[in-house]
Amino acid sequence: PDNDLAHRAAIELGLLQLQQLMVSGKKDNTAELQAALSRTIQEGLKAVSINSGEYQNWLALAQLYQSLGGVGVSGAYDNALSSYQKAAAANPTNPLPLIGAAQVTIAQNDATSSLKFLDAAIALKSDLPIAYYLRSQIEARQGHFPEAIRDGKGAVYLAQQDPLGWYNLGVILYASKDYATSVQALQQAT
């Protein structure tokens, strides 16, 4: 009962149970879903109450809330963002909570905050391909193609074997009307 690692593991099990319940095809399993959801959230809250200084506890809770936000649970994204920020405060040299916070703010269409979190993650670890990848997508959506291309190239430079990075770069180049270079990037993706 007083082992935060066990409660973090229970979060993972709870998420699996929730997924199974959602795909089970049962017509009226709302009460079962709500009970599993409540238990899983309680496990996360218990982990952080046992050891609030352990960033992994906050990270697990944030990922739980982020998953719930993805299926439309009200307030889940706000709780995820708060938990990611607490994880970042507990381990200020780790960029992963900042990446998670950026993903949450991307889901909330808050490009300004997303870019700030990604910039902070890159300041901590300049060779993190996912940060450049995400930042390139935000910049492209805003029509800032030179910056998006620069970050897309940064992502593929750091992860040259990642076809998704090459595809992302190809799409950005295509959107910026650089068709010849876009074809090269998309060929690299395949």
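Asn29 touches Leu21 and Ser24, leaving aside residues up to four places away in sequence. Asn29 lies in the loop that links helix 1 to helix 2. Its relative accessible area is 8%, and because buried means under 20%, Asn29 counts as buried. The model described here is predicted.

### The chain as a whole

The protein chain contains 10 helices and zero strands, which gives the pattern α-α-α-α-α-α-α-α-α-α when read along the sequence. Along the principal axes, its C-alpha atoms fill a box of roughly 60 × 40 × 30 Å. The chain has 190 residues, 42% of them buried. The accessible surface amounts to about 10,300 Å², and carbon and sulfur atoms account for 54% of that surface. Of the contacts between residues at least 6 apart in sequence, 47% join residues at least 24 apart.

### Helix 3

Helix 3 comprises residues 55-70, a run of 16 residues. From its first C-alpha to its last it reaches 22 Å, close to the 22 Å expected at 1.5 Å a residue. Most of this helix is covered, with 12 of the 16 residues buried. Just after helix 3, Gly72 adopts a positive phi of about 90°.

| Helix | Residues |
|---|---|
| Helix 1 | 4-23 |
| Helix 3 | 55-70 |

### A nonpolar surface patch

Met22, Val23, Val71 and Val73 form a nonpolar patch on the surface. Together these four residues have about 380 Å² of accessible area. Val23 is found in helix 1. Asn29, in the loop between helix 1 and helix 2, is by contrast buried at 8%.

Technical notes:
Residues are numbered from 1 along each chain as its sequence is written. This is a predicted model: local features need pLDDT of at least 70, side-chain atom pairs count only at pLDDT 80 or more; totals for chains, interfaces and linings use all residues. Side-chain values use heavy atoms; hydrogens and water are left out. Patches are made of residues with over 30% relative accessible area and no salt bridge: like charges are joined within 9 Å, nonpolar side chains (Val, Leu, Ile, Met, Phe, Trp, Tyr) within 5 Å. Accessible areas come from the Shrake-Rupley method with a 1.4 Å probe; for residues, only the protein chains shown count as cover. A salt bridge is a side-chain nitrogen of Lys or Arg within 4 Å of a carboxyl oxygen of Asp or Glu. Helices (H or I, at least four residues) and strands (E, at least two) are DSSP runs, numbered from the N terminus. The expected span of a helix is 1.5 Å times one less than its number of residues. Buried means under 20% relative accessible area, exposed over 50%, partly exposed in between (1.4 Å probe, protein chains only). Contact means heavy atoms within 4.5 Å.
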